[in-house]
Amino acid sequence: MTSSPRFTLRERLSGEAGPGLVLMAAAGVALVVANSPLGPAYRHALHLPLGPLGLLHWINDGLMAVFFLFVGLEVKREVVAGDLSTPAARRLPVIAAVAGMVAPALVYLAVTKGDPALVRGWAIPSATDIAFAIGVLALVGSRVPASLKLFLTTVAIVDDIGAVAIIALAYTGGLKPVALAAAAVILVLLFWLNRRGVRALWPYMLLAALLWIAVLQSGVHATVAGVLAALFVPLGDGDHGPLARLEHGLSPWVRYAILPIFGFANAGVALGEAPFWAPLPLAVAAGLFVGKQIGVFGAMRGAVAMGWAARPEGASWVQLYGVALLAGIGFTMSLFIGGLAFADPLLVEAVKVGVLAGSLLSALAGFALLRWGAR
C-alpha cells in the first residue's frame, strides 16, 4: 500500500491476505458459536430491535450499504482511470465473469430441477467473494504471477457489478412511488453537485444517507443506494481527489470491520438442522464449486482460442484453472443474496450450509492446485 490516498489494484494486492483471514476467522467463530450452548443467545441477539430495524437488518441493510458504496467507488475508479479503463484490459475478465455467473445459475437450476419453491435462489452461487478469494490467493505467495492476482480481482469486481444488478432487478419487492420519486430527486441533486464541481465530501455523504433512507422505503433493496451514490462522487485529480480520499478512508473499515461483522452475523448455522444432501444446499454448493470453474475456465479457454483476448502474462493454464476454482468462493455475496431470496428461516439456513460447503471446497481445491499443482 502506498502513502497516497489512491491505490490501484496492483498496489492493493500485496496486503490482501489480512482481510481474507479476518473474514475466515469471523465465519469460523460464528459456526462455533451457533453450534455451541451459546447458539440460542446468538440467534436471539441478531433479531433484537434497534429502532426501526432489528440488529441483523441494520447489518445487512445498513453496514452492507457502506460496503456497496466502497464497491461502487472501486468500480468507478477502475473503469474510468484504472486497470479496467481500456477494452483490451477488461475483455477477458468480463467474459470470464459473465460466464462465471451464468454457469452456476444453470447448475443450481439443474440440481433443484426447477422446484418452484427454490427457483428464487438461482443467483446465490453467481458471485465471487473478493476478500476471501484474494486472501486465499495471497497465501500461495510468489508462486502466482501478479497478472493472475489482478485478473482474479477484476473478475470479482465485475461479479460485484452483476450482483448489484441482480439485486436491483430480481430481488425487488412491491415498489412505492413516493419513495422512488424522493430517491430520484436525491440522485438529481447528486448529479448537480458533480456537475458543479463540488469537491467536498460531506454534501455527497449527506445526500447518500438520505438516498439510503428513500431506497429503503421504496421496495428496492437499500444496499443499491450505496452503488448509486458512488457513481456521483468526483474522481478529481486521482491521487488526492474526492473519490480516492473516500475510498482510502473506507477501506480499513470495510475490510476489517464491516465484512467480518457481516460474516459473523450471517455464517452461523446449526449444522444439524440443514443436511448438506438436501436439494437447496447441494444446488448452492454445486453451483459454486462446479458451475464457477466450468464457466470461468471454459470462457477463458474459449476467448483465448478464438482470439478475443490474450492470456494473462506469465500465467499457465494450470494456474488459470486454480484461479477459476477460487472464483467459486462466494461467501459474502452468496450469503447476502440467499437472505434476499428466501424468507423461510429454514431455507436461509440451508443456503448457509451450501455456501459454506461450496466456498470451502473451492478454496481448498484452488489453493492446493496453485500451491502444489502449478510447479
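Val 119 is partly exposed, with a relative accessible area of 36%; partly exposed lies between buried (under 20% relative accessible area) and exposed (over 50%), using a 1.4 Å probe and protein chains only. Keep in mind that this is a predicted model, in which local features need pLDDT of at least 70, side-chain atom pairs count only at pLDDT 80 or more, and totals for chains, interfaces and linings use all residues. Residues are numbered from 1 along each chain as its sequence is written, and side-chain values use heavy atoms, leaving out hydrogens and water.

Val 119 sits in the loop between α5 and α6. Helices here are DSSP runs of H or I with at least four residues, numbered from the N terminus.

Lys 113 has a place in the loop between α5 (87-112) and α6 (130-140). Its phi is near 55°, a positive value in a residue other than glycine. Most residues other than glycine have a negative phi.

Now for Gly 174, which lies in the loop between α7 (146-170) and α8 (177-195). Leaving aside residues up to four places away in sequence, Gly 174 touches Ser 218 and Gly 219, where contact means heavy atoms within 4.5 Å. Between the C-alpha atoms of Gly 174 and Leu 106 there are 27 Å, and the two residues are 68 residues apart along the chain.

| Residue | Relative accessible area | Class |
|---|---|---|
| Val 119 | 36% | partly exposed |
| Lys 113 | 76% | exposed |
| Gly 174 | 62% | exposed |

Key: Helix = DSSP H or I, 4+ residues; strand = E, 2+ residues; numbered from the N terminus.
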